[in-house]
Amino acid sequence: MQTKILLDEGEMPKRWYNIQADLPRPLDPPLHPATGNVVTPDDLRHIFPMELIRQEMSTERYIDIPDEVRDILTLWRPSPLYRARRLEAALKTPAKIYFKWEGVSPPGSHKPNTAIPQAYYNREAGIERLATETGAGQWGSSLAFATGLFDMECTVYMVRTSYDQKPYRKSMMQVYGAECIPSPSPRTRSGRMMLERDPDTPGSLGIAISEAVEDAASHDNTNYALGSVLNHVCLHQTIIGQEAKQQLAAVDDYPDVVIGCVGGGSNFAGLSFPFAGEKITGKRPDTEIIAVEPAACPTLTKGLYAYDYGDVAGLTPIMKMFTLGHDFVPPAIHAGGLRYHGASPLVSRLAQDGVIRSVSCYQNEVFEAAVTFARTEGTVVAPEAAHAVKAAIDVALQCRETGEAKTILFNNSGHGNFDFSSYEAYFAGMLIDYEYPVELIKESLARLPVTG
Amino acid sequence: MTTIGLIVNPIAGMGGAVGLAGTDGQVAEAIRRGAVPRASFRAAEALRPLAGRGIRFLAPAGPMGADALDAAGVIGYDVISLPGETTSAADTGEACRAFIDAGADLVLFCGGDGTARDVLDAVDRSVPVLGIPAGVKMYSAAFAVSPVAAAAVITGLDSARLRDADILDIDEEAYREGRFAVRLYGTARVPYIPGRVQGAKAVYEEADDERAKRDIARFIAEVMVPDTLYVIGAGSTTAAILSEIGLSGTLLGVDLVRNKEIVARGADERTILSHLDGAAAARIITSPIGAQGFILGRGNQQISPAVVRRAGGPGRIVVVGTPAKLAGTPALYVDSGDPALDLEFGDSVAVVSGYRIAQRKRVASTVPITTPR
């Protein structure tokens, strides 16, 4: 029985899959934060290159991956698909557990799958510098890596708690030649405003996004890059799910259950959209697709499906998505990459339509699952990826109860080699099981007048 | 240079060793039963690691401070008062006021709950305090876990943060009769050093208590719904909720609020029940009390089992607590007086600890469970 299912470089997908082509109804359009009008490509031109704007709005089913991008992706792609036989044995489950291993990329996660094309399209448009935000640092180090390859400058606003918790992520950005600043910072107007309001704030992705957008909008040679949430980011990540589908086909399998963790939603989208597309179009209607979130920030599980800002300062377009409110600063959980108040509009729509479902988990049970995984499969996963591990284990254990031999596929989005202080805190019993007090919130929201 | 005012209650703890439930008003009896003063020894234990560290000590002469400093080998301290032969709460007050005048950074006291109350009376929240445990009862949250731990907190004072600590008033008469009658006496400011495990020091957990209280209050104010009766328990965290909505309640009592107006202040059980009778819906907001973290049963007995049931059961209770306070209480306790009700709380409870943030905390049993064999 095979442990790793590998593809040749020549078998790497040549096109990204755009799920917008298969949505029964088009996405609700993003709105301009100042006017409330539908956003036009022109509105986005001061922060994004036109090709990415085109991809953002495209409804073509497939979009070609440029050769130069594919060439760089071969540094680690196609990524391996693993059959987690030792984990299966430890769980005594009849289920088959597969995981797509994205930790093989140089920065150690799925993030460069979109960092490379984003840097590429910006350079093609004559942009010299990119500004971005990062939560746990996986995105920041990936964009640093990508901009370095294209001789561009890069400034990363890193959420302050993560900046303190994960010092080696900053070092990695430095190695790749990028500048990394703890957010909120005094460098931007939004950052100064937040610091003035709350000098001790732990920061959040929402705040860091405001800073990076402001930086890009106020420098002519600079554009903004977002590591998740947006349609074009989800698009670039679909290389993961397309490879996985080919790899499973090679062993004559197809997943019954597809699992990924959700912060903004891009790694989840990357693995699941190719399967979600086949579910929507009726080709494979029975696939169960599960998004896993932290109980501290359960956007899809406990949030509202509504128009909201993507950032704290209200500089981004207003998007229809599941949200906990753009002013929500999630508690300082160790899965920093999942501390986002909203979720990708595409993922949100699929959740709203019942194509996917979501679950949420506490920190301690997530780390417990990660430790089980490390002790069977060897890899120490990032706290974000550990959420997917937890849900996969839960499904496998249900299979043990029911005796079903389901095929489970999850996205192992990155390694945890920079997260040992989090593991240390787990073993020391210092991890707090945060949760979102949804009952109180819903009780008060229930009294709000319902508006269109 | 750090300046520390030291006060020792020489008779603290004497009652305990000879089977008295406390020493208040019982010194003669304790001595008759053969009790020996021990507080000075406990204080010296805490002071020994601090000798020669450049700390400026202030203390009353004799057994109320200077003796312990001598025993610990601290030299060159300042004597700030000369108490009489038999020491009293008045002596404690006088010494504490002298500490404040001399610019003390911390009042270090050695005793039990009674001493903590005397110190709080004198310093209130103007100066942080820390207790060296030496009393019979130490339910208040101002004590270090041991004399040596008190020394560790003081040597790390520069990096310590301040948090609120409940000072409790236990009725010794009732206690001797086996009843546990307690009320929240006040809250002191206490230095606290969070765990030093690397990486566990998430910035947020260490953030100042006052800020956390404001965040909790802002959130609760936001989720308060019209026409619901809010039964708001004792403590500074719940008091912050009232001040957030522009009200001032009783810090140490139970206040009733409806439509963001006070309907009863310092309510007793009967008053609460009568208001609940006319209420369409009710919620109880409490903060864990004391060093052990009691949701019910300590410091808020007005919120009786009957009150909880009439409000709709444990599900109608909103527990609030700051991250610093929760970090010091690994589990919470319920001791409402009705064991069946206590069980309805289940294994865990969500405690609101910030703006739209809660922590899931274990609820520990107060009753030892014996398995029938």
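**Ground rules.** I number residues from 1 along each chain as its sequence is written, and letter chains from A and number ligands from 1 in the order in which they are written. Since the model is predicted, I kept local features to pLDDT of at least 70 and side-chain atom pairs to pLDDT 80 or more, while totals for chains, interfaces and linings use all residues. Helices (H or I, at least four residues) and strands (E, at least two) are DSSP runs numbered from the N terminus.

**Entry 1: the sheet in chain A.** I traced an open sheet of 7 strands with mixed pairing, in the order β1-β4-β5-β15-β10-β11-β14. Two strands pair here if DSSP finds at least two bridges between them. Which strands stand at the edges? They are β1 (4-5) and β14 (357-361) of chain A; each has a single partner strand, so one side of each is left without a neighbour in the sheet. Further in, I followed β4 (residues 81-83) of chain A to β5 (residues 96-101) of chain A, antiparallel and joined by 3 bridges. Leu81(A) has Lys100(A) as its bridge partner there.

**Entry 2: β5 of chain B.** Next I checked burial for residues 129-133, strand β5 of chain B, and found 5 of 5 buried. Buried means 20 or more other C-beta atoms within 10 Å of the residue's own (exposed is 12 or fewer, partly exposed is in between), with C-beta atoms placed from the backbone. In a regular strand the side chains alternate between the two faces of the sheet. Val129(B), Gly131(B) and Pro133(B) cover one side, and Leu130(B) and Ile132(B) the other. β4 (residues 106-111) of chain B runs parallel to β5(B), with 5 bridges, and Leu108(B) stands opposite Leu130(B).

**Entry 3: where the chains touch.** How many residues of chain A are in contact with chain B? I get 27, against 23 residues of chain B, with contact meaning C-beta atoms, placed from the backbone, within 7 Å. On the chain A side, α7 (160-165), α17 (420-427), β16 (434-435) and α18 (438-445) each supply at least two residues. β16(A) also pairs with β16 (residues 357-364) of chain B, antiparallel over 2 bridges, and Glu435(A) stands opposite Ala358(B).

**Entry 4: domains of chain B.** An automatic or database assignment gives the bounds: domain 1 is 3-192 and domain 2 is 207-364. Their C-alpha centres lie 30 Å apart. I count 16 residues of domain 1 in contact with 13 of domain 2; β6 (161-170) and β7 (182-192) of chain B each give two or more residues to the domain 1 side.

Definitions and conventions:
Contact = placed C-beta atoms within 7 Å.
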